[in-house]
Amino acid sequence: MAYAQVITPSAERQLPPVVAQLQAVFDRMDDIPLVAALVGPTRRGPKGHPARTLWHCFVAKHVLGLASTRALIRTLENNPFIAHVCGIRGTVPHEATFSRFFARLASRKYLHLVKDVSRRLTQSCYRELPGFGQRVAMDSTTLKGWVNGGKPKPSDREARWSVKKNTHGKTEFVLGYKLHLAVDCEYEIPIAASVSPGSTHDAKRATYVLAEARRACGKFHPKYVIADTGYSGRPLHQFIKRQFRSIPVIQIHPMHRKKLALEYQAAQTAEWKAIYAQRQAVERVFSRLKGQRSLNSIRVRRLMKVTAHCYLSLIAMQAATELA
């Protein structure tokens, strides 16, 4: 759909709140290295849509909680204010344009730069929020892949089955991926993340998430690291104590009570239970990511593209939450 967008000065002073929020999110992100790499050297031929515009469109998709690229295109066509704040000055990009651009974001050349945008937002949290990162909760959530698991050859061969009990105690089987997350319990903002096939055990991914948190910010020295029984075990307890000088507040699995007798005794105190109750912060973060930041709306296949999708949701939450 082609149309000329005309935003008058008087209209700029009366921007809808959602447009003001998007502008604030774009201003908050330090995405200059990513955009510079996406632009690349000057070349001949049609210029197309600027890389910054397409990048902002994808961030807006997750800030607004839109389920698909088509929903994003409809929003840009129906709301010239949103299109304008994303940088569109003419026609809205075609769905194929967005698809090609997302494939670039998810490639090895650029995905680490997308992660760096999230890392720099984490660093700003440490600078601006008192006590940020002192109490950290870890957990994972399953993400249903864009795949038909009933076929002999699934369309996404990197997706794996995960088995997990839901809130009603019933066993669920999901073919897809897992998002492993470490969040701050006080402000409920993501600190570090990792995406894996759905069959990956939580405890095996925990050390990677904690190492990613330290990579995001060298000041990562939490007082408490809180997790449920999925992270129980002596190796992780020792890793948290030795590498971060932190206190692991992890629910002890019945099979580990003898090996972790001292930790199990500590877990019976009222103080320990009060700290462990703060683990619900990570559950609330997952709920908001899925309900408000399009985390559950996966329309891509393969691990790297799913990772890019997850990080866009995290960036949208990090940039928007800091402004609240």
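Is Glu188 buried or exposed? Glu188 counts as buried, because its relative accessibility is 14% and the buried label applies under 20%. Keep in mind that this is a predicted model. Below is a quick tour of its cores, aromatic pairs, salt bridges and a few residues worth a look.

**Nonpolar cores**

- The largest nonpolar core has 76 residues, and Trp55, Leu76 and Leu179 are the ones that touch the most other members.
- Helix α14 gives the most to this core, with eleven residues.
- Apart from that core lies another one of 22 residues, including Ala192, Ala206, Phe220 and Val225.
- Looking beyond its neighbours up to four places away in sequence, Trp55 touches Met29, Asp31, Leu34, Val35, Phe101, Leu105, Val114, Val117, Leu312 and Ile315.
- As background, nonpolar side chains tend to be buried together in soluble globular proteins.

- Val63 sits in helix α4, which covers residues 51-63.
- Val63 counts as buried because its relative accessibility is 5%.
- Val63 and Arg293 are 230 residues apart in sequence, yet their C-alpha atoms are 5.7 Å apart in space.
- Leaving out residues up to four places away in sequence, Val63 touches Gln21, Leu22, Val25, Gln292, Arg293 and Ala316.
- Over in helix α5 (residues 69-78), the buried residues are Ala71, Leu72, Ile73 and Leu76.
- What covers those buried residues of α5? The cover includes α4, α6 (80-86) and α7.

**Aromatic pairs**

- The count of aromatic pairs comes to eight.
- One of them is Phe58 with Phe101, a stacked pair at 6.1 Å centre to centre, with 15 degrees between the planes.
- Phe58 lies in helix α4 and Phe101 in helix α7 (residues 95-105), so this pair ties together parts that are 43 residues apart in sequence.
- Phe58 and Phe101 are both buried.
- Trp272 and Tyr276 make another stacked pair, at 5.2 Å centre to centre and 10 degrees between the planes.
- Both of these residues lie in helix α12 (residues 270-276), where they are four residues apart, or about one turn of the helix.
- Trp272 and Tyr276 are both buried too.
- Phe58, Phe98, Phe101 and Phe102 come together as one aromatic cluster.

**Salt bridges**

- The structure holds 15 salt bridges.
- In one of them, the side chains of Arg28 and Glu128 meet at 2.3 Å, N to O.
- Arg28 is in helix α2 (residues 17-28) and Glu128 in helix α8 (residues 108-128), so the pair ties together parts that are 100 residues apart in sequence.
- Arg28 is partly exposed, with a relative accessible area of 25%, and Glu128 is partly exposed at 44% relative accessibility.
- Arg52 and Asp31 form a salt bridge at 3.6 Å, N to O.
- That pair links distant parts of the chain, 21 residues apart: Arg52 is in helix α4, while Asp31 is in the loop between α2 and α3 (32-39).
- Is Asp31 buried or exposed? Asp31 is buried, because its relative accessible area is 2% and buried means under 20%.
- Arg70 counts as exposed at 53% relative accessibility, whereas Glu95 is partly exposed, with a relative accessible area of 32%.
- Salt bridges that share partners join Asp139, Asp228, Arg279 and Glu283 into one network.

**Positive phi angles**

- Back to Glu188: this residue is found in the loop between β3 (171-184) and β4 (190-197).
- Glu188 has a phi near 55 degrees, a positive value in a residue other than glycine.
- Arg302 has a positive phi as well, near 85 degrees, and is likewise not a glycine.
- Arg302 is found in the loop between α13 (280-292) and α14 (303-322).
- Arg302 is partly exposed, with a relative accessible area of 42%.

**A nonpolar surface patch**

- Trp161, Val163 and Phe173 form a nonpolar patch on the surface, and together they have about 370 Å² of accessible area.
- Phe173 has its place in strand β3.
- Phe173 counts as exposed because its relative accessibility is 57%, and exposed means over 50%.

Notes: Residues numbered from 1 in each chain as written. Predicted model: local features only at pLDDT ≥ 70, side-chain atom pairs only at ≥ 80, totals over all residues. Heavy atoms only, no water. Helix = DSSP H or I, 4+ residues; strand = E, 2+ residues; numbered from the N terminus. Buried < 20%, exposed > 50% of the residue type's maximum accessible area, 1.4 Å probe, protein only. Contact = heavy atoms within 4.5 Å. Patch = residues over 30% accessible without salt bridge, like charges linked within 9 Å, V, L, I, M, F, W, Y side chains within 5 Å. Areas by Shrake-Rupley, 256 points an atom, 1.4 Å probe, with all protein chains shown as cover. Salt bridge = Lys/Arg side-chain N within 4 Å of Asp/Glu carboxyl O. Core = buried A, V, L, I, M, F, W, Y, C linked by side-chain atoms within 4.5 Å. Phe/Tyr/Trp six-rings, centres within 6.5 Å; stacked < 30°, edge-to-face > 60°.
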